[in-house]
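Let's take a walk through a protein chain together.

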Amino acid sequence: MRDNRASDPPPSATSQVTMLLGLAGYLSTLILMQDSDAGRTEAGVVAMLATAMPMLAHELLVLRTYRDAAAGLDRLQLHRINWPRILLKLTGLCGTLGALAAAYWLFPEYHRSFYAPFWEACRMVLPVFLLLAVPYFIAVDLWMRDPTDGYLHSGHLVLGRLSKVDWDVLRDHALGWLIKGFFLPLMFVYFSGNAAYLLKTPLSAALESFPAFVSYAGRLTVGIDLAFVSIGYVLTLRITNSHIRSCNPLFWAWAVTLAMYAPFFSVIGRKYLEYNDGLGWLDMLGGPGPAVVLWGSAIIAAKGLCAWANASFGIRFSNLTHRGIITNGPYRWTRHPSYLFKNISWWLLSVPFFTTEGLDQALRHSLLLLGINGIYFLRAKAEEQHLSEDPAYVSYALWIDQHGKLRCLGRMLPVLRYAPPSTAAAR
């Protein structure tokens, strides 16, 4: 019998079944709430819950991810309820949320009407979140091998017990909440707007023409992508082993990541790397015909594969963090399928090489889009450097170079190959 172990990647932090359950919940929401009177915020909250709950149930009841050693939980070391410690952790949680709220109040960016759906969602969900935090903190504290976590040290800081604060633990805690605090408002606003559009757009509108179908399919895949991405920033839970294990400590990693998101992209992307002159793929191809069908199908495929890659994280998606290594789905093909297919979709949609302004403008637009591609290349390298602190990622990345479906790309372009950390660097 042939040994298939060499052809199998290392185990993944979650399963494709988890992803499919979340997808079923999301699509069910779109079907059941079609043509409803639900507002944008309500649509976003309901769709997120419908996507998240089946995945949480599968993680807890079927995969039992709380048993993983990385979760830091041990059923054999049940503690007594330590009320002073739990109250201290809850104090740390309130202090963390208070600091985040103060930052939102301080910075003008968060006073824009753009963020109104997020504030409305917070008013709806925050009381329930704080109520559920109490039993969650009790349960986790009972089972933790080391109950001294970032919330505990945040509590010490809030109470002024500076001598008891572990500043390294507190820094990681603060970075994790900084990441969530920055990305969650953006992702929810985008997601709720997309969900409202899909709920109010009849499927018949997508069938009027093939370009209309491409547009609708694009919106749908983006909605799927944003559903899983938004959920990832909320469900950083130790009981599902989806907590933040570490944050990327590299300054340049933060720089190239934040450069692609508002408000920074309005300066970097719009002022320096604007590659689109308003013309797109339909302008290039003209009227209906086989070329439109083939090109449009390629766009749908690229956007769909990008969404599949992000959805494969289940409840674990997050920029700039390590929350477990994903090795299934499109991650069996290449290390960064989301970035790869996202960048391909931009070339297919914007066709920067097509313009009515001459060859020099076509070259300029193409070089500018290559600049965007270059930033994503740097993001990929920054993630690899961070995740390579985990031997599981090193094993996975080396496996991809040998067995990945798209390993030919690394053979054609050596710069795309994985460079494992050297022994000296590891020390």
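R85 and D141 meet through their side chains in a salt bridge, with N and O 2.8 Å apart. A salt bridge here is a side-chain nitrogen of Lys or Arg within 4 Å of a carboxyl oxygen of Asp or Glu. R85 sits in helix α3 (residues 83-106) and D141 in helix α4 (residues 116-143), so this pair ties together parts that are 56 residues apart in sequence. Helices, by the way, are DSSP runs of H or I with at least four residues, strands are runs of E with at least two, and both are numbered from the N terminus. R85 and D141 are both buried. For that word, the cut-offs are these: buried is under 20% relative accessible area, exposed is over 50%, and partly exposed is in between, using a 1.4 Å probe and protein chains only.

Before going on, a quick word on what you're looking at: this is a predicted model, where local features need pLDDT of at least 70 and side-chain atom pairs count only at pLDDT 80 or more, while totals for chains, interfaces and linings use all residues. Residues are numbered from 1 along each chain as its sequence is written, and side-chain values use heavy atoms, with hydrogens and water left out.

Now look for K89, which has a salt bridge of its own with D149; their closest N and O atoms are 3.7 Å apart. This pair also links distant parts of the chain, since K89 is in helix α3 and D149 is in the loop between α4 and α5 (150-158), 60 residues apart. Both K89 and D149 are buried.

Another one of them joins E384 and K381, with the closest N and O atoms 3.7 Å apart. E384 counts as buried because its relative accessibility is 5%, while K381 counts as partly exposed because its value is 22%.

Let's zoom out for a moment. The chain has 17 helices and two strands. Its radius of gyration is 23 Å, close to the 22 Å that the globule rule gives for 427 residues, so the chain is as compact as a globular protein of that length. (The radius is taken over C-alpha atoms, and the rule is 2.2 Å times the number of residues to the power 0.38.) Along its principal axes, the C-alpha trace spans about 70 × 55 × 50 Å. Of the 427 residues, 48% are buried.

Next, the surface. W252, F377, L378, M412, L413, V415 and L416 make a nonpolar patch of about 620 Å². Patches are built from residues with over 30% relative accessible area and no salt bridge, joining like charges within 9 Å and nonpolar side chains (Val, Leu, Ile, Met, Phe, Trp, Tyr) within 5 Å. The areas come from the Shrake-Rupley method with a 1.4 Å probe, and for residues only the protein chains shown count as cover. One member, M412, lies in helix α16 (residues 407-412), and M412 counts as exposed because its relative accessible area is 58%.

There's a positive patch too, formed by K405, R407, R411 and R417. Lys and Arg count as positive and Asp and Glu as negative, with His and the chain ends not counted; each charge is placed at NZ of Lys, CZ of Arg, CG of Asp or CD of Glu. You'll find K405 in the loop between α15 (391-403) and α16, and K405 is exposed because its relative accessibility is 52%.

Finally, some backbone details. A262 and P263 are joined by a cis peptide bond, with omega about 5 degrees, and P263 is in the loop between α9 (251-258) and α10 (265-271). R64 isn't a glycine, but it has a positive phi of about 50 degrees. R64 is in the loop between α2 (40-63) and α3, and it is partly exposed at 36% relative accessibility. N241, also not a glycine, has a positive phi near 55 degrees. N241 lies in the loop between α8 (210-234) and β1 (246-247), and it is buried, with a relative accessible area of 4%.
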